[in-house]
Amino acid sequence: MKRLTLALIIVALAVMPAGSASAQSPYAQTLTLYMPVEYIDQGALQSFERKFNVGVNLQEFESNEEMYENLIKSQAKYDVMVPSDYMVDRLIQEGRLAKLSPDGEMLPNAQYISAKYLGPVYDPNNEYHMPYMVGTVGILYNQRALQVSSLKDMFKCSGICLVDSERDVVGVALKMLGYSMNSTNDDELTAAKQVLKDAKHNIKGYFESTEIVGMLTSQEALIGLVYSGDGKVAVDLNPNLA
């Protein structure tokens, strides 16, 4: 896979603390956790429950956009959620996040996180978030059918399966042009838009990353843009993929 970095962040929502558990739960309180599909081991949740005597109600989403829509439109309340970096910025700006520590102090376990992942521009003091996981988005393709060595090569292929994430797709187009994936420059964004318009006839569609893995492992498709964890699963299932 050709890789570009992204990050998943742990944040606390500006809602009530962990609620009372249901009558069937052995725990006095339950923490509602909202995070991407398959990004945490069930064993870790069970260990947390045993250690802290707090139940975990895990709810999952496929994309940041799905998460945001559910957060805004539904009446559901979450205690902790794990969106990507750009979505954290939006949630902070909209006043939807609570500070991780009431007194503004850095969480103790931050000492175990590499300094390069702390203090981003949207939360320089890590008041609202802590890094959870760093991954990548990249090209997954059938190396027996295609020769791909760059993003430019990918956009020239037919039947491209793109991950259903506006942020990642636009970011990849910016990266292909040599610009920052985080660019806010109007001219650069217009150029990225043109890349995607020019490649429209080559794009099979926009899918969840796990869907693209299924299409490539079954050879329904030959190339796609996926997240690194899904890419690893795909390569393990089909050695023709890279």
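Q: Relative accessible area sorts residues as buried under 20%, exposed over 50% and partly exposed in between (1.4 Å probe, protein chains only). Why is Arg96 placed where it is on that scale?

A: This is a predicted model, in which local features need pLDDT of at least 70 and side-chain atom pairs count only at pLDDT 80 or more, while totals for chains, interfaces and linings use all residues. Residues are numbered from 1 along each chain as its sequence is written, and side-chain values use heavy atoms, with hydrogens and water left out. For Arg96 the relative accessibility is 33%.

Q: What makes Arg96 and Glu94 a salt bridge?

A: The term asks for a side-chain nitrogen of Lys or Arg within 4 Å of a carboxyl oxygen of Asp or Glu. Between the side chains of Arg96 and Glu94, the N to O distance is 2.7 Å. The pair is inside the limit and therefore qualifies. In general, side chains of opposite charge can pair when their charged atoms come close.

Q: Which residues are linked with Glu94 in a network of salt bridges?

A: The network joins Arg90, Glu94 and Arg96. Glu94 also pairs with Arg90, where the closest N and O atoms are 3.3 Å apart. Glu94 has a relative accessible area of 34% and so is partly exposed; Arg90, at 40%, is partly exposed too. By this rule, the model has five salt bridges.

Q: How do you know that Glu127 and Lys99 form a salt bridge, and where do they sit?

A: Their closest N and O atoms are 3.2 Å apart, which is inside the limit, so the pair counts. This pair links distant parts of the chain: Glu127 and Lys99 are 28 residues apart, and both sit in the loop between β6 (97–98) and β7 (129–141). Glu127 is partly exposed at 23% relative accessibility, and Lys99 is partly exposed at 41%.

Q: How are helices α5 and α6 oriented to each other, and why?

A: Helices here are DSSP runs of H or I with at least four residues, and strands are runs of E with at least two, numbered from the N terminus. Axes are lines fitted to C-alpha atoms, for helices over the stretch in contact, and angles run from 0 to 180 degrees between N-to-C directions. Helix α5 (residues 166–176) packs against helix α6 (residues 186–198) at about 105 degrees, with the axes 9 Å apart. Angles under 35 degrees are roughly parallel, over 145 roughly antiparallel, 65 to 115 roughly perpendicular and the rest oblique. The two helices are therefore roughly perpendicular.

Q: Which residues of α5 and α6 are in contact?

A: Contact means heavy atoms within 4.5 Å. Val169, Val170, Ala173, Leu174 and Met176 of α5 meet Glu188, Leu189, Ala192, Val195 and Leu196 of α6. By class, this contact has nine nonpolar, no polar and one charged residues (Ala, Val, Leu, Ile, Met, Phe, Trp, Tyr, Cys and Pro are nonpolar; Asp, Glu, Lys and Arg charged; the others, Gly among them, polar). The buried residues of α5 include Val169, Ala173, Leu174 and Met176.

Q: Is Thr32 buried or exposed, and what makes it so?

A: Thr32, in strand β3 (residues 29–36), is buried because its relative accessible area of 11% is below the limit for that class. Leaving aside neighbours within four places in sequence, Thr32 is in contact with Asn57, Gln59, Lys77, Tyr78, Asp79 and Val80. One of these, Asp79, lies in the loop between α2 (64–73) and β5 (80–81), and Asp79 is also buried, at 12%. Over the protein chain, buried residues make up 43% of the 242 residues.

Q: How confident is the predictor, and where is its mean confidence lowest among the elements?

A: pLDDT is the predictor's confidence in each residue, from 0 to 100. The chain mean is 88, and 89% of residues reach 70 or more.
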